[in-house]
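I opened this entry to keep track of the contacts I looked up.

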Amino acid sequence: MKKRSRFLVQNTTLVAAVLMVTAVTMVTTQLFGQSSVDFAIRFYTAPPSTVMRGGTFSFILGLKAIVPGTLKVGAITINLPEDFDFKREGSDSRCQKSGNNIVCRGTLQLTEETTFKIFMIAARAPCNSSVELQGRITDPAQDSNPHNNATGKAKITVTCPQCSDGSDNDNDGAVDFPAD
């Protein structure tokens, strides 16, 4: 009888230990697992509302992992408007020009936040023209909440200097300062 009760106690303890490990594993997966990943993106420093043609400006995009976990962010992208150039010098080294976009890559851990500083030049933009910039997370396959995967749109108006050069600098039909 003593052998049988000792056997039951040992087996009961083993079963309880297995059930406890299984429950802890399930809770840990739900809290920290890859299936519930959420990233949010925003402008930390928005681009200016106006920029002089040929002028350089910068802005900062922020990215935050909402749910704990270690994940490599596939791509954070911001559009590069036509007639604007990406200025590599001064921009975050994790950002590169790719076609008509600037793509930034990084790794976030736990609820970490990271930022990307980007410089652009309004190189050939027409005077008094406007463009919109919008950052977005372009790796939604890892993100459980697609509603916070884009920044608001930042509108930039391009201005031109007034001068006395005999040219219609802003396409308004007038030549030279003060008419142009």
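I began with Asp85 and Arg124, whose side chains meet in a salt bridge with N to O at 3.1 Å. The model is a predicted one, and I read each contact with that in mind. The Asp85 and Arg124 pair links distant parts of the chain, 39 residues apart. Asp85 lies in strand E5 (residues 85-87), while Arg124 lies in the loop between E8 and strand E9 (130-133). I looked up how open the two are: Asp85 is partly exposed at 29% relative accessibility, and Arg124 is partly exposed at 48%.

Next I turned to Glu132, which forms a salt bridge with Lys153, the closest N and O atoms being 4.0 Å apart. Glu132 is partly exposed, with a relative accessible area of 43%. Lys153, at 56%, counts as exposed.

I then noted the salt bridge between the side chains of Arg42 and Glu113, at 3.9 Å from N to O. Arg42 is in strand E1 (residues 39-45) and Glu113 in strand E8 (residues 113-121), so this contact ties together parts 71 residues apart in sequence. I found Arg42 partly exposed, at 43% relative accessible area, and Glu113 partly exposed as well, at 36%. The count of salt bridges comes to 4.

Arg42 has a further contact that I wrote down: Arg42 lies over the face of Tyr44, at 3.9 Å from the ring centre.

From there I moved to the rings. How many aromatic pairs does the structure hold? I found 3 aromatic pairs. In one of them, Phe43 and Phe59 have ring centres 5.9 Å apart and planes at 80 degrees, so the pair is edge-to-face. Phe43 sits in strand E1 and Phe59 in strand E3 (residues 56-65), and the pair links distant parts of the chain, 16 residues apart. Is Phe59 buried or exposed? Phe59 is buried, with a relative accessible area of 0%, and Phe43 counts as buried at 16%. I also noted that Phe43, Phe57, Phe59 and Phe84 form one aromatic cluster.

I looked up one hairpin. Strand E6 (residues 95-98) and strand E7 (residues 101-109) pair in the antiparallel sense over 4 bridges. Ser98 has Asn101 in E7 as its bridge partner. The hairpin has 2 residues between the strands, and Gly99 takes a positive phi near 65 degrees there.

I ended with the cysteines, where the count comes to 2 disulfides. The torsion about their S-S bond is about 105 degrees, so the Cys95 and Cys104 disulfide is right-handed. I found both Cys95 and Cys104 buried.

The other disulfide joins Cys127 to Cys160, S to S 1.7 Å. Its torsion of about -100 degrees about the S-S bond of Cys127 and Cys160 makes the disulfide left-handed. Cys127 is in the loop between E8 and E9 and Cys160 in the segment after E11, 33 residues apart. Cys127 is buried at 8% relative accessible area, and Cys160 is buried at 11%. With the bonded cysteines numbered in sequence order, I wrote the pairing as 1-2, 3-4.

Terms used
Residues numbered from 1 in each chain as written. Predicted model: local features only at pLDDT ≥ 70, side-chain atom pairs only at ≥ 80, totals over all residues. Heavy atoms only, no water. Buried < 20%, exposed > 50% of the residue type's maximum accessible area, 1.4 Å probe, protein only. Phe/Tyr/Trp six-rings, centres within 6.5 Å; stacked < 30°, edge-to-face > 60°. Lys NZ or Arg CZ within 6 Å of the ring centre and 35° of its normal. Pairing = 2+ DSSP bridges. Disulfide = S-S within 2.5 Å.
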